[in-house]
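Welcome! Let us take a friendly look at a ligand site and at a pair of helices.

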Amino acid sequence: MPVFFIERDAIRNGTVSITGPLARHLKGSLRVRPGETVWLGESGGPRYQVRITATYRDRLTGDILSESAPPPRNVPRLTVGLALINRDHMEWAIQKTTELGVARLVPLLTARTVIRPKAGRANHLLTRWQRIALEAAQQSMRWTIPTVMEPVSFDTWCVDPGQDACRWLLWEKPGRTLLRNRLRGQPRPDAVTLAVGPEGGFDASEVDLAERHGFEAVSLGDYILRTESAVLAALAIVQYEWGNLG
Ligand code: SAM
(Lines give C-alpha, C1' and ligand atoms only; values in the text may rest on other atoms or scores of the structure.)
Protein backbone atom coordinates (compact mmCIF):
# COMPACT_ATOMS: atom_id res chain seq x y z
CA MET A 1 0.00 0.00 0.00
CA PRO A 2 1.37 3.47 -0.86
CA VAL A 3 2.34 6.09 1.70
CA PHE A 4 -0.40 8.74 1.65
CA PHE A 5 0.50 12.38 2.18
CA ILE A 6 -1.22 14.43 4.87
CA GLU A 7 -0.82 17.97 6.15
CA ARG A 8 0.86 18.62 9.50
CA ASP A 9 -2.37 20.00 10.97
CA ALA A 10 -4.08 16.61 10.52
CA ILE A 11 -2.07 15.40 13.52
CA ARG A 12 -2.94 16.26 17.11
CA ASN A 13 -1.64 14.58 20.29
CA GLY A 14 -0.73 11.33 18.60
CA THR A 15 -3.94 10.97 16.63
CA VAL A 16 -4.62 11.69 12.96
CA SER A 17 -7.82 13.04 11.42
CA ILE A 18 -8.04 12.22 7.70
CA THR A 19 -10.48 14.23 5.57
CA GLY A 20 -11.06 15.27 1.95
CA PRO A 21 -10.05 13.20 -1.11
CA LEU A 22 -7.78 10.93 0.94
CA ALA A 23 -10.60 10.03 3.33
CA ARG A 24 -12.84 9.20 0.37
CA HIS A 25 -10.10 7.14 -1.27
CA LEU A 26 -9.28 5.16 1.88
CA LYS A 27 -12.94 4.55 2.77
CA GLY A 28 -14.37 4.20 -0.72
CA SER A 29 -11.73 2.70 -3.05
CA LEU A 30 -9.56 0.91 -0.50
CA ARG A 31 -12.41 0.10 1.95
CA VAL A 32 -10.12 0.66 4.92
CA ARG A 33 -11.83 -0.32 8.20
CA PRO A 34 -11.12 0.42 11.91
CA GLY A 35 -8.27 -1.76 13.15
CA GLU A 36 -6.41 -1.66 9.85
CA THR A 37 -3.01 0.06 9.55
CA VAL A 38 -2.04 2.67 6.92
CA TRP A 39 1.14 4.63 6.26
CA LEU A 40 0.84 8.42 6.20
CA GLY A 41 3.52 11.05 5.71
CA GLU A 42 4.16 14.79 5.52
CA SER A 43 5.92 15.78 2.29
CA GLY A 44 9.58 16.20 3.24
CA GLY A 45 8.76 15.26 6.86
CA PRO A 46 8.15 12.20 9.04
CA ARG A 47 6.25 9.10 8.01
CA TYR A 48 3.69 7.53 10.40
CA GLN A 49 2.31 4.05 10.83
CA VAL A 50 -1.33 4.67 11.80
CA ARG A 51 -4.01 2.30 13.05
CA ILE A 52 -7.47 3.44 11.94
CA THR A 53 -9.74 3.78 14.98
CA ALA A 54 -12.96 5.07 13.44
CA THR A 55 -14.54 5.93 10.11
CA TYR A 56 -17.25 8.53 9.63
CA ARG A 57 -19.14 9.75 6.57
CA ASP A 58 -16.25 11.95 5.32
CA ARG A 59 -13.51 11.44 7.90
CA LEU A 60 -11.31 8.74 9.39
CA THR A 61 -9.39 8.91 12.65
CA GLY A 62 -6.35 6.91 13.66
CA ASP A 63 -3.70 6.49 16.32
CA ILE A 64 -0.01 6.90 15.45
CA LEU A 65 1.77 3.63 16.21
CA SER A 66 5.26 4.65 15.06
CA GLU A 67 7.07 7.53 13.37
CA SER A 68 10.05 7.44 10.97
CA ALA A 69 12.20 10.46 10.16
CA PRO A 70 12.93 11.22 6.50
CA PRO A 71 16.32 10.05 5.18
CA PRO A 72 19.05 12.73 4.91
CA ARG A 73 18.60 14.72 1.68
CA ASN A 74 22.01 14.21 0.10
CA VAL A 75 20.74 13.74 -3.45
CA PRO A 76 20.86 16.27 -6.31
CA ARG A 77 17.71 18.37 -6.42
CA LEU A 78 16.33 17.87 -9.92
CA THR A 79 14.36 20.43 -11.92
CA VAL A 80 12.93 19.39 -15.28
CA GLY A 81 11.78 21.98 -17.80
CA LEU A 82 9.43 19.93 -19.99
CA ALA A 83 7.97 21.39 -23.17
CA LEU A 84 4.21 20.89 -23.33
CA ILE A 85 3.26 17.82 -25.37
CA ASN A 86 -0.08 16.17 -25.93
CA ARG A 87 -2.20 15.50 -22.87
CA ASP A 88 -1.67 11.74 -22.41
CA HIS A 89 2.07 11.90 -23.00
CA MET A 90 2.41 14.96 -20.72
CA GLU A 91 0.58 13.17 -17.92
CA TRP A 92 2.66 10.04 -18.48
CA ALA A 93 5.87 12.13 -18.34
CA ILE A 94 4.76 13.81 -15.10
CA GLN A 95 4.03 10.42 -13.55
CA LYS A 96 7.33 8.86 -14.65
CA THR A 97 9.57 11.82 -13.79
CA THR A 98 7.95 11.79 -10.33
CA GLU A 99 8.81 8.12 -9.94
CA LEU A 100 12.38 8.97 -10.98
CA GLY A 101 12.76 11.67 -8.38
CA VAL A 102 12.04 15.04 -10.00
CA ALA A 103 11.73 17.75 -7.32
CA ARG A 104 10.31 20.50 -9.52
CA LEU A 105 8.63 20.15 -12.89
CA VAL A 106 8.22 23.24 -15.08
CA PRO A 107 5.87 22.91 -18.10
CA LEU A 108 7.46 24.98 -20.88
CA LEU A 109 5.90 26.93 -23.74
CA THR A 110 8.57 26.94 -26.45
CA ALA A 111 8.66 28.37 -29.99
CA ARG A 112 7.46 25.08 -31.46
CA THR A 113 5.10 23.99 -28.68
CA VAL A 114 1.90 22.97 -30.47
CA ILE A 115 -0.13 22.21 -27.35
CA ARG A 116 -1.09 25.35 -25.39
CA PRO A 117 -3.45 25.49 -22.37
CA LYS A 118 -6.86 26.79 -23.47
CA ALA A 119 -7.93 30.08 -21.89
CA GLY A 120 -9.58 29.44 -18.55
CA ARG A 121 -8.31 25.84 -18.45
CA ALA A 122 -4.81 26.51 -17.10
CA ASN A 123 -5.84 26.14 -13.42
CA HIS A 124 -7.75 22.93 -14.09
CA LEU A 125 -4.76 21.53 -15.99
CA LEU A 126 -2.30 22.47 -13.25
CA THR A 127 -4.53 20.93 -10.57
CA ARG A 128 -4.72 17.72 -12.62
CA TRP A 129 -0.93 17.61 -13.10
CA GLN A 130 -0.35 18.22 -9.37
CA ARG A 131 -2.72 15.36 -8.56
CA ILE A 132 -0.86 13.04 -10.94
CA ALA A 133 2.43 14.01 -9.25
CA LEU A 134 0.91 13.43 -5.78
CA GLU A 135 -0.42 9.98 -6.69
CA ALA A 136 2.84 8.95 -8.36
CA ALA A 137 4.82 10.15 -5.32
CA GLN A 138 2.54 8.13 -2.99
CA GLN A 139 2.69 5.01 -5.16
CA SER A 140 6.51 5.18 -5.43
CA MET A 141 6.76 5.75 -1.66
CA ARG A 142 8.70 8.99 -2.08
CA TRP A 143 9.24 11.16 1.00
CA THR A 144 8.41 14.32 -0.95
CA ILE A 145 5.80 15.45 -3.46
CA PRO A 146 7.33 17.19 -6.50
CA THR A 147 6.23 20.73 -7.26
CA VAL A 148 4.51 21.19 -10.62
CA MET A 149 4.80 24.83 -11.61
CA GLU A 150 2.49 26.86 -13.85
CA PRO A 151 3.45 26.75 -17.56
CA VAL A 152 6.02 29.41 -18.43
CA SER A 153 7.68 30.51 -21.66
CA PHE A 154 11.04 28.89 -22.28
CA ASP A 155 12.70 32.25 -22.91
CA THR A 156 11.60 33.50 -19.48
CA TRP A 157 12.45 30.30 -17.65
CA CYS A 158 15.86 29.57 -19.11
CA VAL A 159 17.11 33.03 -18.17
CA ASP A 160 16.85 32.07 -14.52
CA PRO A 161 15.69 28.48 -13.82
CA GLY A 162 17.21 28.70 -10.37
CA GLN A 163 20.88 28.82 -9.43
CA ASP A 164 21.55 25.22 -10.39
CA ALA A 165 25.17 24.40 -11.19
CA CYS A 166 24.37 21.77 -13.83
CA ARG A 167 22.05 23.02 -16.53
CA TRP A 168 21.57 20.72 -19.51
CA LEU A 169 19.41 21.14 -22.56
CA LEU A 170 18.66 17.90 -24.42
CA TRP A 171 19.52 18.56 -28.07
CA GLU A 172 19.17 15.92 -30.75
CA LYS A 173 21.33 17.65 -33.36
CA PRO A 174 24.62 15.82 -34.12
CA GLY A 175 27.96 16.82 -32.70
CA ARG A 176 26.97 17.42 -29.09
CA THR A 177 28.61 15.79 -26.10
CA LEU A 178 26.81 12.70 -24.89
CA LEU A 179 25.13 13.29 -21.53
CA ARG A 180 26.83 10.11 -20.35
CA ASN A 181 30.26 11.55 -21.08
CA ARG A 182 29.43 14.87 -19.42
CA LEU A 183 28.47 13.08 -16.23
CA ARG A 184 31.21 10.49 -16.03
CA GLY A 185 33.57 11.14 -13.13
CA GLN A 186 31.91 14.47 -12.27
CA PRO A 187 31.29 15.15 -8.56
CA ARG A 188 27.59 14.94 -7.70
CA PRO A 189 26.15 18.48 -7.64
CA ASP A 190 23.49 19.80 -5.23
CA ALA A 191 21.11 20.59 -8.05
CA VAL A 192 20.55 19.70 -11.70
CA THR A 193 18.29 21.35 -14.29
CA LEU A 194 17.26 19.55 -17.45
CA ALA A 195 15.36 21.11 -20.39
CA VAL A 196 13.50 18.88 -22.88
CA GLY A 197 11.93 20.17 -26.08
CA PRO A 198 8.55 19.55 -27.74
CA GLU A 199 7.72 17.21 -30.60
CA GLY A 200 9.14 19.78 -33.01
CA GLY A 201 12.29 20.25 -30.97
CA PHE A 202 13.95 23.44 -29.75
CA ASP A 203 14.64 26.33 -32.11
CA ALA A 204 18.37 26.97 -32.68
CA SER A 205 17.73 30.45 -31.20
CA GLU A 206 16.36 28.82 -28.01
CA VAL A 207 19.45 26.65 -27.73
CA ASP A 208 21.61 29.74 -28.20
CA LEU A 209 19.68 31.66 -25.51
CA ALA A 210 19.95 28.72 -23.13
CA GLU A 211 23.70 28.37 -23.73
CA ARG A 212 24.11 32.06 -22.99
CA HIS A 213 22.46 31.40 -19.63
CA GLY A 214 24.61 28.54 -18.47
CA PHE A 215 22.95 25.58 -20.17
CA GLU A 216 24.99 23.03 -22.08
CA ALA A 217 23.33 21.26 -25.02
CA VAL A 218 23.92 17.52 -24.61
CA SER A 219 23.00 14.47 -26.65
CA LEU A 220 21.32 11.18 -25.73
CA GLY A 221 22.77 9.45 -28.80
CA ASP A 222 21.95 9.16 -32.51
CA TYR A 223 18.29 8.24 -32.28
CA ILE A 224 15.55 10.86 -32.16
CA LEU A 225 13.50 10.15 -29.05
CA ARG A 226 10.01 11.41 -28.30
CA THR A 227 9.93 14.09 -25.60
CA GLU A 228 8.59 11.74 -22.97
CA SER A 229 11.17 9.06 -23.89
CA ALA A 230 14.03 11.59 -23.87
CA VAL A 231 13.26 12.89 -20.37
CA LEU A 232 13.12 9.37 -18.98
CA ALA A 233 16.34 8.33 -20.72
CA ALA A 234 18.10 11.41 -19.36
CA LEU A 235 16.88 10.81 -15.78
CA ALA A 236 17.93 7.17 -15.96
CA ILE A 237 21.42 8.18 -17.13
CA VAL A 238 21.75 10.79 -14.35
CA GLN A 239 20.53 8.29 -11.75
CA TYR A 240 22.94 5.64 -13.04
CA GLU A 241 25.85 7.99 -12.42
CA TRP A 242 24.71 9.92 -9.36
CA GLY A 243 22.16 7.67 -7.71
CA ASN A 244 18.77 8.75 -6.49
CA LEU A 245 17.44 12.22 -7.27
CA GLY A 246 15.05 14.26 -5.23
N1 SAM B 1 13.39 18.06 -33.74
C2 SAM B 1 13.35 16.60 -33.58
C3 SAM B 1 13.29 15.94 -34.94
O4 SAM B 1 14.28 16.05 -35.62
O5 SAM B 1 12.29 15.31 -35.28
C6 SAM B 1 12.20 16.21 -32.72
C7 SAM B 1 12.37 16.60 -31.28
S8 SAM B 1 12.25 15.26 -30.19
C9 SAM B 1 10.79 14.51 -30.69
C10 SAM B 1 11.73 16.03 -28.67
C11 SAM B 1 12.83 16.44 -27.72
O12 SAM B 1 13.44 15.28 -27.16
C13 SAM B 1 13.95 17.25 -28.31
O14 SAM B 1 13.63 18.62 -28.34
C15 SAM B 1 15.08 16.97 -27.32
O16 SAM B 1 14.96 17.82 -26.19
C17 SAM B 1 14.82 15.52 -26.93
N18 SAM B 1 15.60 14.55 -27.70
C19 SAM B 1 15.11 13.64 -28.55
N20 SAM B 1 16.11 12.85 -29.03
C21 SAM B 1 17.26 13.31 -28.47
C22 SAM B 1 18.64 12.94 -28.57
N23 SAM B 1 19.05 11.92 -29.33
N24 SAM B 1 19.56 13.64 -27.85
C25 SAM B 1 19.17 14.68 -27.06
N26 SAM B 1 17.88 15.08 -26.92
C27 SAM B 1 16.93 14.40 -27.61
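A polar side-chain atom of E172 sits 2.8 Å from a nitrogen atom of the ligand, a polar contact (a pair of N or O atoms within 3.5 Å). This is a predicted model, where local features need pLDDT of at least 70, side-chain atom pairs count only at pLDDT 80 or more, and totals for chains, interfaces and linings use all residues. Residues are numbered from 1 along each chain as its sequence is written, and side-chain values use heavy atoms, leaving out hydrogens and water.

| Residue | Protein atom | Distance |
|---|---|---|
| E172 | polar side-chain atom | 2.8 Å |
| G221 | backbone N or O atom | 2.9 Å |
| W171 | backbone N or O atom | 3.4 Å |

Taken alone, the ligand exposes 580 Å², and the protein buries 86% of that (Shrake-Rupley method, 1.4 Å probe). Around the ligand are 20 residues (a heavy atom within 4 Å), and L170, E172, L220, G221 and Y223 are the closest.

Now for the helices, which are DSSP runs of H or I with at least four residues, numbered from the N terminus. Helix 2 (residues 87-99) packs against helix 3 (residues 122-139) at about 35 degrees, with the axes 8 Å apart; axes are lines fitted to C-alpha atoms over the stretch in contact, and angles run from 0 to 180 degrees between N-to-C directions.

How values were computed: Polar contact = N/O pair within 3.5 Å; in protein donor to acceptor, adjacent residues only side chain to side chain. Helix = DSSP H or I, 4+ residues; strand = E, 2+ residues; numbered from the N terminus.
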